[in-house]
Amino acid sequence: GCMRFADFQEGQTIEAGQTTLGEQEIIEFARQYDPQWFHTDAQAARDGPFGGLIASGWQTTLVAMQLFVARVLHGSEALASPGINYIKWPAPVRPGDTLRLRVEVIEARRSRSNPQRGVLRARWRLANQQDVEVLDLEATTLFGLKD
């Protein structure tokens, strides 16, 4: 962590760490937030369209958020996000997958409407241990700047 807004450069790629998602985590998340059978019932999922249990795309997105906070935002001047331009889940996440986050800086500039704000536009890409992309999104993050 501990990146500052001044550290971001257009075209930069940030390796933002990795984490592994277990079956129990997948089931517990899905039971609470996305209780579809192919996320919650390993036995039924085996005969389903994915040939096994898969994680909710929303959980995949939150895994990326966790890594982004730990490796990029923690200790920074980050304030909030006005939103995500798009989000895609190109391939499923399965129990035991190790997910690695790569962040590409598209734009880092001062806000035109408020010079005390920094605007970071970045593409987040999460890939599994086979280097298959499982998440692709473009997010905007706002930073509070002193000077």
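Thr140 is in contact (heavy atoms within 4.5 Å) with Ser81, Pro82, Gly83, Asn85, Val119, Leu120 and Arg121, leaving aside its neighbours within four places in sequence. Thr140 sits in strand E5 (residues 133-144), where strands (E, at least two residues) and helices (H or I, at least four) are DSSP runs numbered from the N terminus. With a relative accessibility of 11%, Thr140 counts as buried; buried means under 20% relative accessible area, exposed over 50%, and partly exposed in between (1.4 Å probe, protein chains only).

This is a predicted model, in which local features need pLDDT of at least 70 and side-chain atom pairs count only at pLDDT 80 or more, while totals for chains, interfaces and linings use all residues. Residues are numbered from 1 along each chain as its sequence is written, and side-chain values use heavy atoms, with hydrogens and water left out.

- Not counting residues up to four places away in sequence, Phe8 touches Met3, Ile14, Val72, Val105, Ala108, Leu120 and Phe143.

- Glu77 belongs to the loop between H4 and strand E2 (78-88), and at 17% relative accessibility Glu77 counts as buried.
- The side chain of Glu77 reaches the backbone nitrogen of Phe5 at 2.9 Å.
- Beyond residues up to four places away in sequence, Glu77 touches Arg4, Phe5, Leu142, Phe143, Gly144 and Leu145.

**Arg100, in E3**
- Arg100 lies in strand E3 and is partly exposed, with a relative accessible area of 21%.
- Setting aside residues up to four places away in sequence, Arg100 touches Glu15, Gly17, Gln18, Arg125, Leu126, Ala127, Asn128 and Asp131.
- The side chains of Arg100 and Asp131 are joined by a 2.9 Å polar contact (a pair of N or O atoms within 3.5 Å; within protein, one must be able to donate a hydrogen and the other to accept it, and residues adjacent in sequence count only if both atoms are side-chain atoms).
- Arg100 and Ala42 are 58 residues apart in sequence and 24 Å apart in space, C-alpha to C-alpha.
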